[in-house]
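Work through the exercises below with the sequence and the 3D structure open beside you. Each task is followed by a solution that goes step by step.

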Amino acid sequence: MRPAKKILISMGFKSTSSRADRHLNMIVLLLTGFTILLLALIVLFLVAESWPFLSSGWRDGELWPDLFQNRGWYPLEGRFGMSPMILASLAVTLGAIAVALPVGLASAIFLQFYAAPPFAKGFRLLLNLLAGIPSVVFGLWGLTRLVPLITSWQPPGASLLAAILVLSLMILPTVALTSASALASVPRELLTGSMALGLRRTTQIFHIILPAARSGIANGALLATARALGETMAVLMVAGNVVQNPTGLFEPVRVLTANIALEMAYAMGDHRAALFASGLLLTLLVWLLSWAAHRLNRHATEALYG
Amino acid sequence: MADRVLGWLVSACALLVVSSLVWVLADVVIEGVAHISWQFLFTAPEDAGRAGGIGPILVSTLWILLIALAVAVPLGLGVAIWLSEFAHRHGHFVGSAQITLDILAGVPSIVYGLFGNAFFSVYLGLGFSLLSGGLTLACMILPVFVRTCETGLRAVSDDWRSGALALGMSRSSAIWHILLPVASPAIVAGLILGIGRATAETAALLFTSGYVDRMPGSLLDSGRALAVHIYDLSMNVTGGDGAAYASALVLVLLIMMLNTLAQSLVDSWFKRSLVLP
């Protein structure tokens, strides 16, 4: 706590409080309480709606088989094997990160160390512009440009590959921008020091700058992973949506989010509960990712100041 | 030698990124401009959207956005003020609230759609309507908005607070006349993030605000948002690609326009209450 704040508190900030202050305190407290209630309701409703599915699985001891053995997704017959869609979600997400991270990192290095200032400015502008483009527009572009291109090479076209390419294009601006800001926040002395030592550019970048910016880059990558995992429309439009284990790059797949969007309109009873359960699963995965990012931040802060 | 190879490599990657992004952008602009006209903006869609325009869809989109912002902005500002000014700064509650909000900010939009369908459409009985769509989006943008505003308020230097105290200002007028105006760039950033996410949202609206492309008669009517229209045209309507690209162009321009509007609104709102050196 900074000294100014300490003085404020020791002087008793509360002692100057007027009636208006008490009213404001009441109002914001009320708003906060309302928001907490609303956000608690989200979790409550997700669990409550998926409860029939979860509890029936527990009772018969069949939840794990349903999730992880391939019993097929036949909602009308009461068979809710989600594993092909979980695998497809993971494959699409990992594929998109595997494409976007190296390319995005390389463009960040280019932006930070190689580009001429006016070009870097234009590049940054383009990345910012594209980071704000709705995912449905990327989906539309993938459907009308990319899928026909892949079809002419390896039919049917709408496939794992198309989903990976569209998603990686979508998260590329985010990855590049966060990596660039991580590189920019590396202390200047490290760079000047390594220059003074006469290190080569390659050594500077790979042995000095990248390790120093590691946690910032990883943080951006985790954010992008969460976005790729949760993306619905862009994947739904180009992935072909056949429920099957992802065996090849050119096979159509259906991911968890797309499954919810496709079937929610007519799902009833257990089927609806199963869709809510897959939503819960997505939330859990995102929670794991943000936990990892949180740990990473703490380690980075400790390494810096600890 | 290695230096030169690395230089080539990163330049090639940058070129690849620029060219593919320009390809997407150019496609949207070229295909969109070919199909767009004033008539397209203001007439109703005909023949499942192949012909006609997007008039009612624009109206529905703006209504949904308006509802979402009208709910999320006051709530979000209140929570942000409470978290940064009233709550115990380093208490456990604030820490866990921040983590919870960060997690909720990352939850996929389709999960908010599931919640909106279960709570607003079914439990509260609002059905497929603009109101349930807008409220769902409000829940979706709330965590991000709170976190950006809170970070902005926290970043305001304590000198402002002690200055206000020294002048004998009450806490509420200090917040209203000093802290909020100083933190207004963060509020604008939060607004822009929220507007961008809400206007671009498709998945959460599919089963909360529905699919109907008529002009909505009231807030309890179902209405189709622009992003949903693009999805429907490209996936379910053969020969709808031209109209889909035109709608995509309108959507991108709409987001840009709204961002500029938000920026200038917040600026003019706070300008009269504070003159910064």
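**Exercise 1.** In which helix of chain B is the place of B:Val18?

Solution. This is a predicted model, in which local features need pLDDT of at least 70 and side-chain atom pairs count only at pLDDT 80 or more, while totals for chains, interfaces and linings use all residues. Residues are numbered from 1 along each chain as its sequence is written, and chains are lettered from A and ligands numbered from 1 in the order in which they are written. Helices (H or I, at least four residues) and strands (E, at least two) are DSSP runs, numbered from the N terminus. With this numbering, B:Val18 lies in helix H1 (residues 2-35) of chain B. As a next step, consider its surroundings: a residue is buried if 20 or more other C-beta atoms, placed from the backbone, lie within 10 Å of its own, exposed if 12 or fewer, and partly exposed in between. B:Val18 has 17 other C-beta atoms within 10 Å and is therefore partly exposed. Finally, when residues up to four places away in sequence are not counted, B:Val18 touches A:Phe123 and A:Leu126, where contact means that the C-beta atoms, placed from the backbone, lie within 7 Å.

**Exercise 2.** How many residues does the contact take from chain A and from chain B?

Solution. The contact takes 72 residues from chain A and 66 residues from chain B. On the side of chain A that touches chain B, the largest share, 18 residues, comes from helix H2 (residues 19-60) of chain A. Sorting that side by class gives 47 nonpolar, 18 polar and seven charged residues; here Ala, Val, Leu, Ile, Met, Phe, Trp, Tyr, Cys and Pro count as nonpolar, Asp, Glu, Lys and Arg as charged, and the others, Gly among them, as polar.

**Exercise 3.** At what angle do helix H6 of chain A and helix H11 of chain B pack?

Solution. Axes are lines fitted to C-alpha atoms, for helices over the stretch in contact, and angles run from 0 to 180 degrees between N-to-C directions. Helix H6 (residues 135-153) of chain A and helix H11 (residues 226-236) of chain B pack at an angle of about 15 degrees, with their axes 10 Å apart. That angle makes H6(A) roughly parallel to H11(B), since angles under 35 degrees count as roughly parallel, over 145 as roughly antiparallel, 65 to 115 as roughly perpendicular and the rest as oblique. The residues that make the contact are A:Val136, A:Val137, A:Leu140, A:Leu143 and A:Thr144 of H6(A), together with B:Ala227, B:Ile230, B:Tyr231 and B:Ser234 of H11(B). These residues divide into seven nonpolar, two polar and no charged.

**Exercise 4.** Which residues have the most contacts inside the largest nonpolar core?

Solution. A nonpolar core is a set of buried Ala, Val, Leu, Ile, Met, Phe, Trp, Tyr and Cys residues joined through C-beta atoms within 7 Å. The largest such core has 177 residues, and those with the most contacts inside it are A:Val137, A:Ala162, A:Val166, A:Leu167, A:Val238, A:Ala239 and B:Ile230. Helix H7 (residues 160-184) of chain A gives the most to this core, with 18 residues. As for B:Ile230, its contacts beyond four places in sequence include A:Val136, A:Val137 and A:Leu140, as well as B:Ala244 and B:Leu251.

**Exercise 5.** Is A:Leu275 buried or exposed?

Solution. A:Leu275, which is placed in helix H13 (residues 269-305) of chain A, has 27 other C-beta atoms within 10 Å and is therefore buried. Leaving aside neighbours within four places in sequence, A:Leu275 is in contact with A:Ile260, A:Glu263, A:Met264 and A:Ala267.

Note on methods
Two residues are in contact if their C-beta atoms, placed from the backbone, lie within 7 Å.
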